[in-house]
Amino acid sequence: MWSEIRLRNEKWLEPWEPTSPHSWAERNAVGAWPALHSALRSAGRKGTMLPFMITYGTRLVGQLNVANIVHGALRSCTVGYWLDGALAGRNITPTALALAIDHCFGAVGLHRVEVDIRPENAASLRVVAKLGLRREGFYERFLDIDGAWRDHLAFAITVEELDGHSMLSRLAALPPQPAWRANRA
């Protein structure tokens with residue numbers, strides 16, 4: 001399922017993906033998943049990453065990774081995500097991000113969460129706007145994305161900014177229940 005979604009969404013996702021010497025088809029083939037899954041699980045066991053799959057109803061629709069987890073005095077992380085383009089605009093990604101941030105501030109005990117977005121990525125800019133993350137900085141030629149060093153805007157939130165509330169409470173509306181699930185009820 002992961003491979004099918006990724007392959008079908010090449011035009012939607014590739015402009016935002018890290019540069020790779022391998023073709024889109026190679027790095028998103030069914031055979032690529034086991035190695036990626038193993039790497040994600042290994043990083044999760046080490047505590048440097050929290051890999052999540054995003055589901056809508058019972059279907060896999062995307063992925064969210066809490067990465068670069070640092071404990072100690074910093075207690076911070078960065079979050080990256082992708083979603084099936086066919087489901088964009090349904091509050092799925094903001095909901096997933098809100099849940100991940102709540103988990104990071106709660107069970108994981110982090111203090112700060114950062115999301116870095118290319119300035120031209122309108123869909124991701126809407127995600128952080130819906131959640132009220134504050135723009136914190138501008139990283140010039142920050143990451144090698146889609147064949148070039150790309151600028152990124154940094155958005156962040158600290159646990160104090162929630163003032164005892166959940167991140168999820170910042171959403172105006174949760175995603176509607178998918179039709180295929182509602183029809184089975």
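**View 1. Leucine 143 is in contact with Ala148, Trp149, Arg150 and His152, leaving aside its neighbours within four places in sequence.** Contact means heavy atoms within 4.5 Å. The model shown is predicted: local features need pLDDT of at least 70, side-chain atom pairs count only at pLDDT 80 or more, and totals for chains, interfaces and linings use all residues. Residues are numbered from 1 along each chain as its sequence is written, and side-chain values use heavy atoms, with hydrogens and water left out. Leucine 143 belongs to strand β5 (residues 134-145); strands (E, at least two residues) and helices (H or I, at least four residues) are DSSP runs numbered from the N terminus. Its relative accessibility is 35%, which means that leucine 143 counts as partly exposed; buried is under 20% relative accessible area, exposed is over 50%, and partly exposed lies in between (1.4 Å probe, protein chains only). Between the C-alpha atoms of leucine 143 and isoleucine 117, which are 26 residues apart along the chain, the separation is 10 Å.

**View 2. Aspartate 146 and arginine 150 form a salt bridge.** A salt bridge is a side-chain nitrogen of Lys or Arg within 4 Å of a carboxyl oxygen of Asp or Glu. In this pair the closest N and O atoms are 3.9 Å apart. Both ends are partly exposed, aspartate 146 at 36% relative accessibility and arginine 150 at 22%. Across the whole structure, a search finds eleven salt bridges.

**View 3. Arginine 6 and glutamate 17 form a salt bridge.** The closest N and O atoms are 3.0 Å apart. Arginine 6 lies in helix α1 (residues 2-8) and glutamate 17 in the loop between α2 (10-13) and α3, so the bridge ties together parts that are eleven residues apart in sequence. Glutamate 17 and arginine 6 are buried. Arginine 6 is also one of the contacts of asparagine 28, together with Trp2, Ser3 and Leu7, when neighbours within four places in sequence are left aside. Asparagine 28 sits in the loop between α3 (24-27) and α4 (33-46) and counts as buried because its relative accessibility is 2%.

**View 4. Glutamate 114 is bridged to arginine 112, with the closest N and O atoms 2.8 Å apart.** Relative accessibility is 7% for glutamate 114, which therefore counts as buried. Arginine 112, at 17%, counts as buried too.

**View 5. Strand β4 (residues 112-117) is largely enclosed by the rest of the structure, because five of its six residues are buried.** Two strands pair if DSSP finds at least two bridges between them. Strand β3 (residues 76-83) runs parallel to β4, joined to it by three bridges. With strand β6 (residues 148-158), β4 pairs in the antiparallel sense over six bridges. Glutamate 114 stands opposite threonine 78 and, in β6, opposite alanine 156. A right-handed β-α-β unit is made by β3, helix α5 (residues 92-105) and β4; right-handed means that, with the strands pointing away from the viewer, the path from the first strand over the helix to the second runs clockwise.

**View 6. Helix α6 (residues 122-131) has the buried residues Ser124, Val127, Val128 and Leu131.** They cover an arc of only 85 degrees around the axis, which puts them on the same side of α6; the arc is that of the directions from the helix axis to the C-beta atoms. An α-helix has 3.6 residues a turn, so residues three or four places apart point the same way. The buried residues of α6 pack against β3, α5, β4 and β6. On the face turned away from this buried side are the exposed residues Arg126 and Ala129. Glycine 132 follows α6 and has a positive phi, near 75 degrees.

**View 7. The largest nonpolar core has 34 residues.** Such a core is a set of buried Ala, Val, Leu, Ile, Met, Phe, Trp, Tyr and Cys residues joined through side-chain atoms within 4.5 Å. Leu64, Val66, Val79, Leu97 and Leu133 have the most contacts inside this core. Two or more residues each come from β1 (50-56), β2 (59-70), β3, α5, β4, α6 and β6. The largest share, eight residues, is that of α5. Not counting residues up to four places away in sequence, leucine 64 touches residues including Leu50, Phe52, Ile54, Val79, Tyr81 and Leu97. Another core, of six residues, lies apart from the largest one, and among its members are Ile5, Leu13, Leu60 and Trp82.
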